[in-house]
Amino acid sequence: MTACAIEPSAGHEDDEAAPAGCTLTADGAYAARLASAGDSWFPERWTLDGPEPYAVPLPRNQPEEPGTEVQPMGDGRVLIHRLVAGRHAFSLLYPTGPGTGELPLGVVECPDDTARLRLLPPAPGGERAYALSVGPRATTVWLVAGGAFGPERLAELPGRCSGGVWLDRTGRLLALDRETGGRTKAVVVDLERGGEMSPLLQIAADSDDRLLLADHDSGLLLIRSDAPSPGQNRLGWGVLGSTLPVRFPECLRLPDCTVTPFAIQPGQMLTPESCAVALRVDGPRGSWVGVWRPAERRVHHLPAPEGWLAGAGLWTPDGVLRLPYATEAVPCGVAQVSPPPAVPPEPGVMPPHPGQGQGQGPGAPAAGATPTTGHPPEPAPPTATGHLSQAPRPATPDGPAPPPTPSTPRPVPLQEAPLGRLVTN
């Protein structure tokens with residue numbers, strides 16, 4: 001029997017952004033990554049919920065392979081996924097005395113030699129971990145940690161699935177990007193009902209629609225789709241349960257750059273349009289951080305801290321962005337970034353469509369923003385070196401949606417998405 005190949009642990013198959021430098025638990029208490037020591041690699045756990053972050057190395061008897069996946073669990077242990085003798089082996093690592101303890105969980109074998117297997121993003125609660133096995137015609141969802149008898153096959157779905165976004169706080173509803181018939185659409189998989197699958201995003205009949213991020217509190221969704229520009233993927237946003245269609249701000253189109261959202265500010269129960277969204281921007285001269293809010297028409301470009309584990313970070317409810325980084329001087333640090341506050345619209349004035357400000361053409365940089373030419377901001381030291389100091393209402397409109405045309409079909413409101421009420425309530 002031939003095993004699946006290990007697939008990179010982050011991102012969508014069609015995205016160009018590289019995987020994040022580390023993986024964080026859903027609550028941000030722990031992180032895990034593969035750290036290097038010369039030419040060898042070993043797992044490392046970061047503790048982030050104390051007064052000062054610290055790292056614990058978890059080496060075993062021999063170095064790990066560069067493609068090995070690691071994921072932090074809610075209790076501080078680290079799940080590791082290795083390819084061993086043609087099979088996918090899963091274990092939990094934990095510090096014990098001067099060494100590293102290991103609890104084997106079992107193995108997964110894939111009968112198709114073209115299939116791939118990768119870990120899904122950390123589930124809410126941190127008690128369970130899941131993996132996705134993708135074959136040429138079907139995809140299998142596995143429970144690989146937290147079950148009673150080792151890895152368990154939970155669901156087999158027709159089509160090739162990628163992505164992976166959790167839509168609730170219980171780890172029941174999983175959004176995947178399912179490719180079938182030459183098109184990719186986001187679907188919802190109910191893991192408590194045998195993998196029952198329902199459509200989530202169908203912006204246009206002939207568009208590819210992927211879900212990148214979702215916020216449990218506000219219902220804000222970050223989407224990548226070619227519906228507004230056939231053949232060209234664009235970033236958009238919507239609110240699950242809203243009557244408004246998905247919108248695609250012009251300010252999120254940065255020439256010669258790949259823009260990947262990686263964190264949404266939590267706690268904004270009734271104001272999804274005010275949620276700050278952290279963006280990883282990869283350009284010809286490096287990576288930096290962008291901050292954008294649906295109610296604004298600009299992206300704030302911020303220098304990443306030196307040694308940023310690019311693509312990793314989380315927001316506090318009060319709007320502070322925490323970015324993990326590692327340098328020779330500070331091997332485990334968290335920089336705190338406070339972006340410019342949101343600028344509320346004038347009373348009685350509806351905010352303009354993002355990217356179309358007064359006196360600006362589409363895509364023109366807003367005043368005070370870094371020009372979007374693929375050049376990163378000047379590097380700056382981190383602000384804190386190694387220290388940590390119901391249903392949503394519809395989003396405020398950005399302006400009238402463009403009229404439907406044969407080449408740019410009008411997106412359907414997310415209120416029409418099946419399971420929308422179940423997800424947001």
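**View 1. Strand 11 and strand 12 form an antiparallel pair.** In this predicted model, six bridges link strand 11 (residues 129-134) to strand 12; two strands count as paired if DSSP finds at least two bridges between them. Strands here are DSSP runs of E with at least two residues, and helices are runs of H or I with at least four residues, both numbered from the N terminus. Buried means under 20% relative accessible area, exposed means over 50%, and partly exposed lies in between (1.4 Å probe, protein chains only).

A note on conventions before moving on: residues are numbered from 1 along each chain as its sequence is written, and side-chain values use heavy atoms, with hydrogens and water left out. Because this is a predicted model, local features need pLDDT of at least 70 and side-chain atom pairs count only at pLDDT 80 or more, while totals for chains, interfaces and linings use all residues.

**View 2. Strand 12 also pairs with strand 13.** Six bridges hold strand 12 and strand 13 (residues 152-158) in an antiparallel arrangement. Look for Thr-139, which has Leu-157 of strand 13 opposite. The hairpin of these two strands has six residues between them, and Gly-146 in this hairpin takes a positive phi near 100°.

**View 3. Strand 8 and strand 9 meet in a hairpin with two residues between the strands.** Nine bridges join strand 8 (residues 87-96) to strand 9 (residues 99-108), and the two run antiparallel. Thr-96 has Gly-99 of strand 9 as its bridge partner. Within the hairpin, Gly-97 adopts a positive phi near 60°.

**View 4. Tyr-130 and Trp-166 make a tilted aromatic pair.** Rings of Phe, Tyr and Trp (its six-membered ring) pair if their centres lie within 6.5 Å; planes under 30 degrees apart are stacked, over 60 edge-to-face, and the rest tilted. By this rule, the count is two aromatic pairs. In the pair shown here, Tyr-130 and Trp-166 are 5.1 Å apart centre to centre, with 55° between the planes. Tyr-130 sits in strand 11 and Trp-166 in strand 14 (residues 160-166), so the pair ties together parts that are 36 residues apart in sequence.

View 5. Four bridges connect strand 23 (residues 286-292) with strand 24, and Val-289 stands opposite Leu-302 of strand 24.

**View 6. The largest nonpolar core has 20 residues.** Such a core is a set of buried Ala, Val, Leu, Ile, Met, Phe, Trp, Tyr and Cys residues joined through side-chain atoms within 4.5 Å. Among the residues with the most contacts inside it are Leu-220, Leu-252, Ile-264 and Trp-292. Strand 18 (209-214), strand 19 (220-225), strand 20 (234-239), strand 21, strand 22 (277-283) and strand 23 each supply at least two of its residues. Not counting residues up to four places away in sequence, Ile-264 touches several residues, including Leu-213, Cys-275 and Trp-315; contact means heavy atoms within 4.5 Å.

**View 7. Pro-53 lies in the loop between strand 4 (40-47) and strand 5 (54-57).** Pro-53 is buried, with a relative accessible area of 5%. Pro-53 and Cys-332 are 279 residues apart in sequence, yet their C-alpha atoms are 6.6 Å apart in space.
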